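Please keep the structure in view while reading.

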Amino acid sequence: MSIQVNQVNTTLDYESLRAEIRQIVDNNIKPRAEVIDREGKFPRENLEVLAETGWNGVLIPERFGGRGLDHVAFAIAAEEVGKGCPSTSLVYVMHVGAVQTIVLYGNEDQKERWLKPVRAGLIGTYSTSEKASGGHWWFNFSEASRDGEDYLLNAEKSFTTSAGQADFYVFQTRSPGAQTPTDVSFFIVDSKLPGITPGRWDALGVRGNHSGPITYENVRVAPKDKLGTEGQGREILESGVSPVYLIGLGSTWLGVAEAALEAAVQYVKNMIHRDFNKRLADYQIIRQQLAEVKVLIESLKPWQISLAKQLDDLQAQGRPQVELLMPLVEFKIHAAEVANKATKAALDVTGGYGYKKGIFERLFRDARAGIAMGPSNNIAREWVGKSLVGLPLELWHEGGD
């Protein structure tokens, strides 16, 4: 195990941190959400604010310019940003995950070069999934090659959040001469290198996250930007990429569910049927739907904090965070489905008004992404089912799930 451990701060005031990030979201991020959706605009201004306030470096140690906070603080931030703008939250989660992978597996030179500029607004992201393997985003058919001391990267990546917008990509591919699918390596790829061509992103929801395709054609990467050792990619993927990604993803969908419920409650309290002189909130069927969503949201909150704390404990002990992979997958499944139920209920109780362009239909569209984002809920349920009955996941067999 080559993870370089951070000291976990055990004296954090999480309520104050939540209040801080919530104010940032309410003042800067939430007001831009409609324009970001309508124009498919990358939320660069939002990321700049998160950088100025240090939240873009939430997990980066203070000596590299970050805030040196923990996974609980990150989960809270992803939740609050998700409440204000789901597109921004997904970009944020991928960014934090990418920089945390460097925190855990990068050498001192890489940390100096790639982590310190984050406070000034440098944006990172993952570039892992490939068209050839679809939803099996951990499985690569692309393979790096060598040209002298340098590496050449050739790949068609299918969904890369912040494609064409990020400053660097944490790129996953098979090692040169790999004999098995598990022989994977990671590279830090400067987005300005020649040979990188991002595709167009035009989707149903989360329209600002620019999770489009990217083609890498003979992209030359120096050895200094190989992340970890050759062939260490599976370990990096399971203990460095997946845990941060999954706790952030689930927290984002928790925030979306909360946003839908808050907006729906506000609407039904204020909308009055003048013919009966009754608010929508005075109808039992409306209250029942909202109550069901509230109960589902409350089922996620302690789970979120517990998983985040467990990630911090594992990191502090230098133990692989892959130990929590299945509970994190389960959390992602549930959070995505709660977001979908919450946004559907919000659309239902607000009737024709909710169906029009605006917060309710936007959150409904955004939430649909949670079901499909890797691991998709269909694939993730199969993982959970196989683990229950003692069957191998077979993640690294061609065509396996």
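Helices (H or I, at least four residues) and strands (E, at least two) are DSSP runs numbered from the N terminus, and the expected span of a helix is 1.5 Å times one less than its number of residues. This is a predicted model, in which local features need pLDDT of at least 70 and side-chain atom pairs count only at pLDDT 80 or more, while totals for chains, interfaces and linings use all residues. Residues are numbered from 1 along each chain as its sequence is written, and side-chain values use heavy atoms, with hydrogens and water left out.

Just after H8 comes Gly318, with a positive phi of about 70°.

Helices H7 and H11 have axes that come within 10 Å and cross at roughly 160°; axes are lines fitted to C-alpha atoms, for helices over the stretch in contact, and angles run from 0 to 180 degrees between N-to-C directions. The two helices are therefore roughly antiparallel, the term for angles over 145 degrees.

On a 1 Å grid over the protein atoms alone, a cavity is a set of points where a 1.4 Å probe fits but cannot get out, whereas a pocket is an open set with protein on both sides within 12 Å along at least five of seven lines; lining residues have an atom within 4 Å of a point. Grid points are joined across faces, edges and corners, and a volume is the space filled by probe spheres set on the points.

Two cavities of 30 Å³ or more are found by this rule. The largest cavity holds about 110 Å³, and its lining includes Trp137, Trp138, Trp383 and Trp396. Helix H7 (residues 233-270) supplies the largest share of this lining, four residues. The second largest cavity has a volume of about 40 Å³; H2 gives the most to its lining, with three residues.

The largest pocket contains about 580 Å³ of space. Of its 28 lining residues, Phe159, Ser211, Ala372, Met373 and Gly374 lie nearest its centre. Strand E3 (150-160), H7 and H11 each supply at least two lining residues of the largest pocket, and H11 gives the most, with four.

Notes:
Parallel < 35°, antiparallel > 145°, perpendicular 65-115°, else oblique.
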